[in-house]
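I opened the notebook to look up a few things in this structure.

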Amino acid sequence: MTIAARSADRLAAAERELGAGERLRTIVTDVSQEGQVERLFASTGPVDHIVCTAVDAVGAYQPIRRLDLTSIQKLVNAKLYGALLIAKHGTARGSITYTSGIAAYRPAAGGSVVAAVNGALGSLAAARSRSSWPRSG
């Protein structure tokens, strides 16, 4: 099994918690960076399943008038563009699973941007399941 994340510290903590030993490989990767996603999948080769839970929502839960464009861009880059890059470069023999979150359907106060991005991710997944894009692998 391979897990990837932006934070080496969080990967180390996950490795300790999972206790999978040599069966677990961790790779520091920012899915919003195409080169890093390419390197990730070049190093893993074909995989059976990909699960993407990437998000960077720091500062994204704000009333629209107080939103910072950088926070919005980080959210979109990680959650939506990251999902697209994973679909583009991932080599799954089985499936790709994306997690959008309940915010798409029941937005929290100050959660307009998070709701919009989660909704877009859900739409991407639906479109991918019906599209003519070749399956990875």
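Before naming elements I noted how they are assigned: helices and strands are DSSP runs, numbered from the N terminus. I also noted that the model is predicted.

**Entry 1: the pocket**

I looked up the largest pocket and found a volume of about 880 Å³. Its lining has 27 residues, and Ile3, Ala4, Ala5, Val51 and Thr53 are the ones nearest its centre.

Which elements each supply at least two residues of this lining? I wrote down β1 (2-5), α1 (8-18), α2 (34-44), β3 (47-52) and α3 (69-89). The most comes from β3, which gives six residues.

I then sorted the lining of the largest pocket by class: 17 residues are nonpolar, six are polar and four are charged.

**Entry 2: the strands**

I checked how β1 pairs. β1 and β2 (residues 25-28) run parallel and are joined by four bridges. For Thr2, the bridge partner in β2 is Arg25. I followed the chain and recorded that β1, α1 and β2 form a β-α-β unit, which is right-handed.

I picked Ala12, which sits in helix α1. Is Ala12 buried or partly exposed? Ala12 has a relative accessible area of 29%, so it is partly exposed. The cut-offs I needed here are under 20% for buried and over 50% for exposed.

I also took a distance from Ala12 to Gly122. The two are 110 residues apart in sequence, and their C-alpha atoms are 30 Å apart in space.

**Entry 3: the salt bridges**

How many salt bridges does the structure hold? I found two salt bridges.

One of them is formed by Arg6 and Asp56, with 3.4 Å between the closest N and O atoms. This pair links distant parts of the chain, since Arg6 is in the loop between β1 and α1 and Asp56 is in the loop between β3 and α3, 50 residues apart. Arg6 counts as partly exposed because its relative accessibility is 43%. Asp56 counts as buried because its relative accessibility is 15%.

Lys88 forms a salt bridge with Glu34, and here the closest N and O atoms are 2.6 Å apart. This pair also links distant parts of the chain: Lys88 belongs to helix α3 and Glu34 to helix α2, 54 residues apart. Lys88 has 57% relative accessibility and therefore counts as exposed. Glu34 has 31% and therefore counts as partly exposed.

Notes:
Residues numbered from 1 in each chain as written. Predicted model: local features only at pLDDT ≥ 70, side-chain atom pairs only at ≥ 80, totals over all residues. Heavy atoms only, no water. 1 Å grid on protein atoms, 1.4 Å probe; cavity = no way out; pocket = protein on both sides within 12 Å on 5 of 7 lines; lining within 4 Å. Points joined across faces, edges and corners; volume = space filled by probe spheres on them. Nonpolar A, V, L, I, M, F, W, Y, C, P; charged D, E, K, R; others polar. Pairing = 2+ DSSP bridges. Right-handed = clockwise from strand over helix to strand, strands pointing away. Buried < 20%, exposed > 50% of the residue type's maximum accessible area, 1.4 Å probe, protein only. Salt bridge = Lys/Arg side-chain N within 4 Å of Asp/Glu carboxyl O.
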